[in-house]
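I opened my notebook to work through this one a spot at a time. Here is what I looked up, in the order I went.

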Amino acid sequence: MDEFSFINAIKPNTYNQPALIKGIGDDAAVFRSTSDIVTTVDTFVEDIHFSLETMAPFHIGYRILAANISDLAAMGAEPAFYLVSMCIPKKWKQSALEEIYQGMHELASMYQMDLIGGDTVSSERLMISITAMGYVPENKARYRSHAEPNDIVFATGTLGDSRAGLEILLQGQECKDKDYYIERHRLPNPRVALASGLCEIDRVALNDISDGISSEANEIAEASNVELTIIEEKIPVSNSFQQFSKEQQYDWKLSGGEDFELLGTVSEVHWPRVQEIAVQTDTPIQQIGYVREAEEPCVLIQTHGETKKLMKSGYTHLK
Ligand SMILES: Nc1ncnc2c1ncn2[C@@H]1O[C@H](COP(=O)(O)OP(=O)(O)OP(=O)(O)O)[C@@H](O)[C@H]1O
Ligand SMILES: Cc1ncc(C[n+]2csc(CCOP(=O)(O)O)c2C)c(N)n1
Ligand SMILES: [Mg+2]
Ligand SMILES: [Mg+2]
Ligand SMILES: [Mg+2]
């Protein structure tokens, strides 16, 4: 394998997005658009974001594109394009690298997303960086700064499952619904349908759950200059989640991260409509708290009526 035979092997034969003018094969890609464009990049490093002990190459590809698509969903955008930068150690075989691309393609094809470029270099450790782009109707991007006092706070899906799956894989332990938790870790599904469905709602604050809601809730509180209260009992978890220890449950649902669910706030008036859109898009959704005016932006967690401050405690790099 060399750089050029590798690029030829992963290059798509056809594209889906009508706005695309030039895909892979020139100095850069070109597309033409009339709506607002959302763009995001995230980088994934072997043994920090994924490990070959817990994932097949297919899962690595699927999961890292899911993380990027989840950021697009958190902005209210429809996924359209992605570019992949690969830093590859010599020991990696072309067939395994192609499997990573098959994993990305599996998810991309659900959204007619096109791979339109990237970069290939050699390195000591496998590192993959994905840039994703999507469309959002004019002025309809959903910001962390859009929360307002008296909003309700909601979360989609169930939280803590991905971390449970990772722990099960690392410890090799037996447990109830083992395959379910492992799949939630390896093959997460970003909440694009709900986020797009919400476009009719005037104002929604959204953030996707990559580090853990203790972090993402604080990001919304800071960006919006409000106080968020989360009621612990209302945080949605899977039915068999109670099999894990009390400490694990608390830690994983608040700081486990990588569930790629959405945390959001919306006015009480619009909450019933948001719930209808969630049903239409087959998205479990639950109110988990409320927003109040703040002297200092902060997040409170209420457990059995007792309230304390919830600090950012999710995954942090460079710490
Ligand atoms: N090295 C960097 N240079 C420029 N901007 C950056 C850099 N790292 C992060 N940012 C910007 O900081 C903001 C927050 O990024 P962050 O990575 O925390 O969000 P995220 O991608 O949603 O979270 P996660 O990385 O956990 O998925 C974004 O606007 C991002 O583009
Ligand atoms: C092998 C292995 N070890 C640990 C973890 C956990 N993990 C890594 S990065 C991250 C947060 C998101 O990162 P970022 O902020 O860069 O998006 C989490 C929860 C994993 N997935 N695999
Ligand atoms: Mg991200
Ligand atoms: Mg990021
Ligand atoms: Mg995000």
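This is a predicted model: local features need pLDDT of at least 70, side-chain atom pairs count only at pLDDT 80 or more; totals for chains, interfaces and linings use all residues.

Next I checked the metal. Asp-208 and Asp-71 coordinate the magnesium ion (ligand 5) through their OD atoms, at 2.0 to 2.1 Å. Asp-71 sits in helix α2 and Asp-208 in strand β8 (residues 204-208), so this pair ties together parts that are 137 residues apart in sequence. I also saw that Asp-71 bridges two magnesium ions, ligand 5 and ligand 3, which are 3.9 Å apart. Is Asp-71 buried or exposed? I looked: Asp-71 is buried, because its relative accessible area is 17% and the cut-off for buried is under 20%.

Then I turned to the annotation. The unreviewed UniProt entry marks His-49, Glu-258 and Tyr-315 as "binding site". They are spread over 267 residues of sequence, yet they cluster in space, with a largest C-alpha distance of 10.6 Å. I found His-49, Glu-258 and Tyr-315 in the lining of the largest pocket too.

I took His-49 on its own. The loop between β3 (36-45) and α2 (57-74) holds His-49, and His-49 is buried at 19% relative accessible area. Setting aside neighbours within four places in sequence, its contacts include Arg-63, Glu-258 and His-317.

Last, Glu-258. I located Glu-258 in the loop between α8 (246-255) and β10 (262-266), buried with a relative accessible area of 17%. Beyond its neighbours within four places in sequence, Glu-258 touches His-49, and Arg-63, His-185 and Asp-211 are also among its contacts.

Technical notes: Residues are numbered from 1 along each chain as its sequence is written. Chains are lettered from A and ligands numbered from 1 in the order in which they are written. Side-chain values use heavy atoms; hydrogens and water are left out. UniProt positions are given in the numbering used here, feature names are shortened, and annotations may be inferred rather than shown by experiment. On a 1 Å grid over the protein atoms alone, a cavity is a set of points where a 1.4 Å probe fits but cannot get out, and a pocket is an open set with protein on both sides within 12 Å along at least five of seven lines; lining residues have an atom within 4 Å of a point. Helices (H or I, at least four residues) and strands (E, at least two) are DSSP runs, numbered from the N terminus. Buried means under 20% relative accessible area, exposed over 50%, partly exposed in between (1.4 Å probe, protein chains only). Contact means heavy atoms within 4.5 Å. Donors are N, O and S atoms within 2.8 Å of the metal (3.2 Å for Na, K and Ca); water is not among the atoms, so sites may look incomplete.
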